[in-house]
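My entries follow in the order I made them.

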Amino acid sequence: MERILNPELDRIVLAALATRYKLLEKREGIHLSSLNYCLTKSYFDQVSPIDPTDTELLNFATGYGLQEIMFPAEMKTFEKDNILYRPDGVIQVNVRDIQLIEIKSTRSGVKRYQEGNLPETWITYMKGGCCIRETETYNLSVIYLAERPSARIISETILFEPEEIKSNWLWILSRKEDLEKALRDKVPPQPFTTAPAWMCESCRYKVICDAVIMLQGGKE
C-alpha cells in the first residue's frame, strides 16, 4: 500500500463544503449574529468580504452539518427592529408551545462548560432570540466532539428574566447603531474592541485590523 498526500483534494473538499453551506455568499441585511459577535468583522463582511480560512470553513461546516442532521428543514427567518434572526431549530412541545433550541459543537471538554460558565456570546445571542420570539426560554444542546471514547451531548433549558432580555436587546440595538454608522461613514468599528480577544486570533480579518491599528499609531 502506498499513501500519497493530495492537497489538491483538500481544496476540492473545502470548496464543496463552502458551496454546500453557502459560506462564500454575502448575507443581505443585518442579522442578530452580526451584532452579537465582532462588529469590525461584520463591517468587513458587508464592505469588502474575503473568503473564510480553512479552519473557519471546517468549523462552520461541522456546526452546520450537525444542525442539518438534527433539523433538516430550513428554519424560518424572523425580524424585529430590522434585525434578522433564524434559530438553529425549534421543538414542538405541544400545539401552543414551540421552544427555541441552539445547537453548539465544541472541542472543549465537558468540564469547561458544565463546571464553568457558558460563553457570554452564546448567552447574549440566546437572549436576543428570546426577545425577537417573545419568550423567556431557550434550549441549548452542546455536542462535545473531543470527549473520549466518543462524542457526548449535554442539553439544558435556560430561563431568562424579562429584565435581562430587555437590557440585552438595548445593547443589541446600540451595536446596530454603531454598525450602521460605520457603514454610512465607511469607517470600520475600532478593531479589537467589540469582541472577545480569542475570537480575533483565528479571524480572517486580523491582518486588516492589525494594519488599521498600525496606521493609527499603534493605539489599541
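Which residues line the second largest pocket? I kept in mind that this is a predicted model. The lining consists of Met-75, Lys-76, Phe-78, Pro-87, Val-90, Asp-97, Ile-98, Gln-99, Leu-100, Arg-133, Glu-134 and Thr-135.

Entry on the pocket, continued. I looked up the volume of the second largest pocket and found about 200 Å³ of space. I then asked which element gives the most to the lining. Strand β4, residues 98-106, does, with three residues. By residue class, I noted six nonpolar, four charged and two polar residues in the lining of this pocket.

Entry on salt bridges. How many salt bridges does the structure hold? I found nine.

Pair one. Arg-204 and Glu-56 meet through their side chains in a salt bridge, at 3.1 Å from N to O. Are the two residues buried or exposed? Both Arg-204 and Glu-56 are buried.

Pair two. Lys-176 forms a salt bridge with Glu-180, and I read 2.8 Å between the closest N and O atoms. Both lie in helix α7 (residues 162-185); they are four residues apart, so about one helical turn separates Lys-176 from Glu-180. For accessibility I noted 10% for Lys-176, which counts as buried because the cut-off is under 20%. Glu-180 has a relative accessible area of 24% and is partly exposed.

I looked up Lys-206 and Asp-210, which form a salt bridge with their closest N and O atoms 3.1 Å apart. Where do they lie? Lys-206 and Asp-210 are four residues apart in helix α9, so about one helical turn lies between them. Lys-206 is partly exposed at a relative accessible area of 25%, and Asp-210 is partly exposed at 30%.

Summary for my own use.

How values were computed. Residues are numbered from 1 along each chain as its sequence is written. This is a predicted model: local features need pLDDT of at least 70, side-chain atom pairs count only at pLDDT 80 or more; totals for chains, interfaces and linings use all residues. Side-chain values use heavy atoms; hydrogens and water are left out. A salt bridge is a side-chain nitrogen of Lys or Arg within 4 Å of a carboxyl oxygen of Asp or Glu. Buried means under 20% relative accessible area, exposed over 50%, partly exposed in between (1.4 Å probe, protein chains only). Helices (H or I, at least four residues) and strands (E, at least two) are DSSP runs, numbered from the N terminus. On a 1 Å grid over the protein atoms alone, a cavity is a set of points where a 1.4 Å probe fits but cannot get out, and a pocket is an open set with protein on both sides within 12 Å along at least five of seven lines; lining residues have an atom within 4 Å of a point. Grid points are joined across faces, edges and corners, and a volume is the space filled by probe spheres set on the points. Ala, Val, Leu, Ile, Met, Phe, Trp, Tyr, Cys and Pro count as nonpolar, Asp, Glu, Lys and Arg as charged, and the others, Gly among them, as polar.
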